[in-house]
Amino acid sequence: MPRSTVASIDLEALRFNYRLACEKAGGARAMAVIKADGYGHGIAAVASALAEDAGKYAVACIEEALAIRDSGLKQPVVLLQGVHAGPDFSGCAEYGFEPVVHCHQQLQWLTKGPVPRFWLKVNTGMNRLGFRPEDLQGVIAGLETAGQKHRLIGFVTHFACADDLNSFMTTVQTRCFEAATAPWPDLMRSVGNSAAHFRSDQPLYDWSRPGIMLYGASPMIGKSGLDLGLRPVMTLQAPLISSRVVRAGESIGYGATWVADQDTRMGMVAIGYGDGYPRHAGTGTPAAIGGKRVRLLGRVSMDMLAVDLTMAPEAREGDLVELWGSTVSVDEVAACAGTIGYELLTGVTARVPRICG
Ligand SMILES: *Cc1c(COP(=O)(O)O)cnc(C)c1O
């Protein structure tokens, strides 16, 4: 019998969240961002579940796009980082991938071989990738000279602070993008990570790019996915494999960091940082047993962690513990571990089977 430590994936919740993204996108269409193995949920399952609705997918790199084709799906796939080697452009043309071209090196690669439909990335302030607005004219003149301009389908940019409603930066970036792309009104425009869908009056143009919200986790500072009307897609659960009473004065686990101030019934759960559960989640981080919230005690080990059973006195060996899901949001656990839901979801390791329902 395998260990019952699993990530169960609710594909109906995924579709619900995608439809919410489409509503929030207004007149824009929403390309489903399923990079990093569908944010840790399994790219094949996620892509297939959205196949009827999503007009495009977006991933980081060509390997991920090929995984979508391996699932038999034919929709265009945007490569958000473009290609990492020149010869991959002809593969893009062949497979219907739409690379984002973000630098001069990639422009040079483009001149050799078949040219796929592609996007140009405009750097409006994120300062990771993209051409400066004032360079666009020259880039596009170069594409015309090379006879490649007709393969250019549009412009993309990416927001740095869309998760923060108090920041003015998204407005500044939007104005910058609009001005930069205005000379080419016939080309498409794509902006908008998940957070941008929760900003009123934010234009999303032709294609928005929701990622984390599809999985039910929050893109917004200070809000959980539930607060935003999203449904959690992944429930990470593991069995209780042992329970005992630790006596007042005794400690639990490595470093003996947690010491009982009174006799405490505790349980060991078969999951740890070797499964992607964050080691930085300390004493007090929530989990749930049978819908009741319990708290972690002491340090997370590689294969195990301890929970306080005071609030779940009827819990027995074999019971399933929810590490995150509908009772405890991944956003809450992430906050306890000093990170974001994105990192926890993408960090669940291959040891944990994904079970789709
Ligand atoms: C990952 C990514 C997205 C999706 O971001 P979320 O915050 O997960 O919605 C959108 N656009 C680009 C360029 C990305 O890299």
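Lys35 is partly exposed at a relative accessible area of 29%, where buried means under 20% relative accessible area, exposed over 50% and partly exposed in between (1.4 Å probe, protein chains only). The model is a predicted one, in which local features need pLDDT of at least 70 and side-chain atom pairs count only at pLDDT 80 or more, whereas totals for chains, interfaces and linings use all residues. Residues are numbered from 1 along each chain as its sequence is written, and side-chain values use heavy atoms, with hydrogens and water left out.

**Annotated positions**

The unreviewed UniProt entry places the feature "active site" at Lys35 and Tyr254; such positions are given in the numbering used here, feature names are shortened, and annotations may be inferred rather than shown by experiment. These positions span 220 residues in sequence, and the farthest two C-alpha atoms are 35.1 Å apart, so they do not all gather at one spot.

Lys35 is found in helix α2 (residues 35–39), helices being DSSP runs of H or I with at least four residues and strands runs of E with at least two, numbered from the N terminus. Leaving aside residues up to four places away in sequence, Lys35 touches Ala58, Val59, Ala60, Glu64 and Leu80, a contact meaning heavy atoms within 4.5 Å. Tyr254, by comparison, lies in the loop between β12 (251–252) and β13 (258–259) and counts as exposed at 59% relative accessibility; with the sequence exclusion of up to four places, Tyr254 touches Arg299 and Ser301.

**Salt bridges**

With a salt bridge taken as a side-chain nitrogen of Lys or Arg within 4 Å of a carboxyl oxygen of Asp or Glu, the count comes to eleven. Three of the pairs are listed here.

| Pair | Closest N to O distance |
|---|---|
| Glu12 and Arg15 | 3.1 Å |
| Glu98 and Arg117 | 3.8 Å |

Glu98 is buried, with a relative accessible area of 3%, whereas Arg117 is partly exposed at 39%.

Arg351 lies in the loop between α10 (341–347) and β19 (354–356) and Asp303 in the loop between β16 (292–297) and β17 (305–308), so their pairing ties together parts that are 48 residues apart in sequence. Through salt bridges that share partners, Arg3, Asp275, Asp303 and Arg351 are joined into one network.
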